[in-house]
Every structure is written in C-alpha cells, then in structure tokens.
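Please read the following note with the model open beside it. The points take the pockets in turn, then the ligand, and lastly some details of the backbone.

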Amino acid sequence: QETAIIVVAAGSGTRLGYGMPKALVPLAGRCLLEHALDGIELAGCASQVIVVLPAGAPELEERAAGHRLKPICRTGGATRNDSVRAGLDALRPETERVLIHDAARALTPPEVFRQVVLALLSGARAVIPVLPVVDTIKQVATDPGEEQAHIIGTPARGTLRAVQTPQGFHAPALLAAHRQAAGWKSPAAEAVTDDAMLMEMLGERVDTVPGAAAALKITTRLDLVLAESMLPLHPG
Ligand code: CTP
Ligand code: MG
C-alpha cells in the first residue's frame, strides 16, 4: 500500500521578492518547505516523500535533508511541470498512489492530505482539493491593437472552483499521462498548469474533496502576512 508525496519546491519566488527560493523563506522560524513537510508528517499517510528543489540552493537542501521525514531530494526544472516530472522519476516502481503538492501551500492542514488519500483508497483515479469561488470570474479577450482586454463571457460562479494541492492520483495513470504529454510541443506543453488538467485532457475523471483556506498558495507579501496570522491555528 504505497503512497508517495512529491513536494515541488523548485520555483524562484519572484513575486514574493525575497531574493531567495520561496521554499526557503522563513515563517515563524521555519522555512516554507519545512512547514509543508511538517503538515505531511502530521498527516501520516506517506510511505515515501520526494522533494524537488532548485539547482544551486545548498541551504534549502540542508533544510530538506534535516527534516524528520528524511525526504528524497531531486533537482527541478524551468517549469512546474518539469519539476513534477523530476519528482516522478524518483518514484519506486511499486508506488500505487502519488500526491503532488506545492511547497508554497506550506500551511495545508493534515486533514486535506488524508481526505485526498481516502478518496484514492475508495477508488478515485484523480482527486483534487477545491474551494468555492468568491469573486465573479470573467473571461476576456484582447483584440489586435487593443490595449486592455474586454469581457467575452461570465461562467456561472456556482460551477467554478478554486483548485489547491495536494492533487492525488493513481500512480500508473499519472505516469502514463506525463509520458504522453512529454512529446507535446508549444503551446500545448505550456498550457498544462497542473496535473489534474493533464488527466482531464486524456479523458480521465477527476474527483474533488473540500480544500481549506489555510492551504492558500503563498505567492505575494500579503499571503505571507496572512500565513503568519494563521500560524497559531496551525497544528504544526
Ligand atoms: N515550482 C517548481 N518548479 C518550477 C516552478 C514552480 O517546483 N520551475 C513550484 C514552486 O516551488 C511552488 C509551486 O511550484 O511550490 C507553485 O509555484 P509558484 O507559486 O508560482 O512558485 P514560484 O514559481 O516559486 O513563484 P514565482 O512564480 O513568483 O516565481
Ligand atoms: Mg511560478
């Protein structure tokens, strides 16, 4: 009964603007990657943990290697998808289930990991945590010569969900999806922004479980302030 979790932490954190990889940014004395690994440890559902790190970040490597989970470390690539692939290369062949998680969602509650794994154990081949959307979302287009986009449609808000991680998969199905996508050329390759989308494109059903506000993706300074204010509530 093998469940692997791949934590992608190879991004640069440009929008946060700390001049260091985002996963190394401190939050109450621990870096974001350590917080993410703490949540996984508390969830207690992983038999193998793989962390994907940026090239040339020895301090982050040390933090990862020093964690109680003793994760396997790999070097990521230019895009998130490349980094996921680097993580998948480290999977043990007997892996039955794999979760892909953003280190940037550092305060994801353990319960979300458990719900995703439970859904896979109940037979789902792909499952993602989602939250209802609070904003009205518009679709836009930009005509040639036009400076600002104009609205072309408004999807019914009740049918929309904001997507979080960990995203869970039947491991052989996700591996097959990535093998197939490996041959895709631009712009199809760039259009893949998460693993669930890859499964959808191959006609696989993707199920949902409830996400959590605390699983927000720490992207900007404001997100970091929010995360700081949440820490006392976080069991890690
Ligand atoms: N990620 C990755 N490899 C990349 C790009 C992103 O492993 N080449 C990871 C990030 O480390 C993060 C997650 O994917 O955990 C989501 O990415 P994002 O929030 O965009 O993080 P960054 O790319 O680091 O931030 P920015 O886009 O502001 O530079
Ligand atoms: Mg990014």
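1. The second largest pocket has a volume of about 270 Å³. A pocket is found on a 1 Å grid over the protein atoms alone, as an open set of points where a 1.4 Å probe fits, with protein on both sides within 12 Å along at least five of seven lines; a lining residue has an atom within 4 Å of a point. Grid points are joined across faces, edges and corners, and the volume is the space filled by probe spheres set on them.

2. This is a predicted model, in which local features need pLDDT of at least 70 and side-chain atom pairs count only at pLDDT 80 or more, while totals for chains, interfaces and linings use all residues. Residues are numbered from 1 along each chain as its sequence is written, chains are lettered from A and ligands numbered from 1 in the order in which they are written, and side-chain values use heavy atoms, with hydrogens and water left out.

3. The lining of the second largest pocket includes Leu131, Pro132, Val133, Val134 and Asp135, as well as Leu160 and Arg161. Strand 7 (126–132) and strand 10 (161–163) each give at least two residues to this lining; strands are DSSP runs of E with at least two residues, helices are runs of H or I with at least four, and both are numbered from the N terminus. By class, the lining has 8 nonpolar, no polar and 2 charged residues. Here Ala, Val, Leu, Ile, Met, Phe, Trp, Tyr, Cys and Pro count as nonpolar, Asp, Glu, Lys and Arg as charged, and the others, Gly among them, as polar.

4. The largest pocket holds about 720 Å³ of space. Of its 32 lining residues, Val8, Arg15, Arg80, Asp102 and Lys217 are the closest to the centre. Helix 3 (80–88) and helix 7 (195–201) are the elements that supply two or more lining residues, and helix 7 has the largest share, with 3. The lining divides into 12 nonpolar, 12 polar and 8 charged residues.

5. What takes up the space of the largest pocket? Ligand 1 does, where a molecule sits in a pocket if more than half of its atoms lie within 2 Å of the grid points. Around ligand 1 are 18 residues, of which Val8, Gly13, Thr14, Arg15 and Ser83 come nearest; a residue is near if one of its heavy atoms lies within 4 Å. This shell has 6 nonpolar, 7 polar and 5 charged residues.

6. Oxygen atoms of ligand 1 make polar contacts, here pairs of N or O atoms within 3.5 Å. One such oxygen is 2.8 Å from a polar backbone atom of Arg15, and an oxygen is 3.1 Å from an N or O atom in the side chain of Lys217. Taken alone, ligand 1 exposes 560 Å², and the protein buries 87% of that, by the Shrake-Rupley method with a 1.4 Å probe.

7. The backbone also deserves attention. A cis peptide bond, with omega about 10 degrees, joins Thr165 and Pro166, and Pro166 lies in the loop between strand 10 and strand 11 (167–170). Another cis peptide bond joins Ser186 and Pro187, with omega about 5 degrees.

How values were computed. A polar contact is a pair of N or O atoms within 3.5 Å; within protein, one must be able to donate a hydrogen and the other to accept it, and residues adjacent in sequence count only if both atoms are side-chain atoms.
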